[in-house]
Amino acid sequence: MSKIFVFSGASGVGKSSALKRVMESRQDLRFSVSCTTRAPRPGEEDGVHYFFVTKERFEQMIEDREMLEYDAHHDNLYGTPKAQLQGDKHVVLDIEPNGAFQVRKERPDACLIFITPPLTSIDVVCVFFSFL
């Protein structure tokens, strides 16, 4: 059975660097693609960086209980569709702390990894591997 790993922490603490190292070192992981109601930025691709949806579609997904977690930031909605948990690979989420707590309520088996400075990406990779 695949596991859920949630990487969370304040902006700028090095989550992206740590996640890059973890994802490069493991073939049994899949990075979860979140949904958002914001417009794509230059270079972003739908289904790769985010699933870009309308506010109405996002709210329908919430109502239909299709979201594992969601939150609002800067007048936009962001969240993880439950469909992202399907498959045979372990799933890695990079989300805000509020979302991480929602995941914990929905999936108590999820492993939450909260990144705080001055951890390095090497520290995070070592901690991560101890959970597999």
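Tutor: In this predicted model, Phe 5 stands opposite Cys 111 in strand 8. In general, the strands of a sheet pair through backbone hydrogen bonds, in either a parallel or an antiparallel way.

The sheet itself is open and has four strands, in the order 2-7-1-8, with parallel pairing. Strand 2 (29–31) and strand 8 (111–115) each have a single partner strand and stand at the edges, so one side of each is left without a neighbour in the sheet. From one strand to the next, the twist averages 25 degrees.

A helix lies against this sheet. Helix 3, residues 97–106, lies across strand 1, strand 7 (90–94) and strand 8. Relative to strand 1, helix 3 runs at about 150 degrees.

The rest of the chain gives the setting. Its secondary structure comes to four helices and eight strands, and from the N terminus the elements follow the order β-α-β-β-β-α-β-β-β-α-β-α. Among contacts in the chain with a separation of 6 or more, 60% are between residues 24 or more positions apart. Of the 132 residues in the chain, 39% are buried. The chain exposes about 7700 Å², and carbon and sulfur atoms supply 53% of that area.

Notes
Residues are numbered from 1 along each chain as its sequence is written. This is a predicted model: local features need pLDDT of at least 70, side-chain atom pairs count only at pLDDT 80 or more; totals for chains, interfaces and linings use all residues. Side-chain values use heavy atoms; hydrogens and water are left out. Two strands pair if DSSP finds at least two bridges between them. Helices (H or I, at least four residues) and strands (E, at least two) are DSSP runs, numbered from the N terminus. Axes are lines fitted to C-alpha atoms, for helices over the stretch in contact, and angles run from 0 to 180 degrees between N-to-C directions. Contact means heavy atoms within 4.5 Å. Buried means under 20% relative accessible area, exposed over 50%, partly exposed in between (1.4 Å probe, protein chains only). Accessible areas come from the Shrake-Rupley method with a 1.4 Å probe; for residues, only the protein chains shown count as cover.
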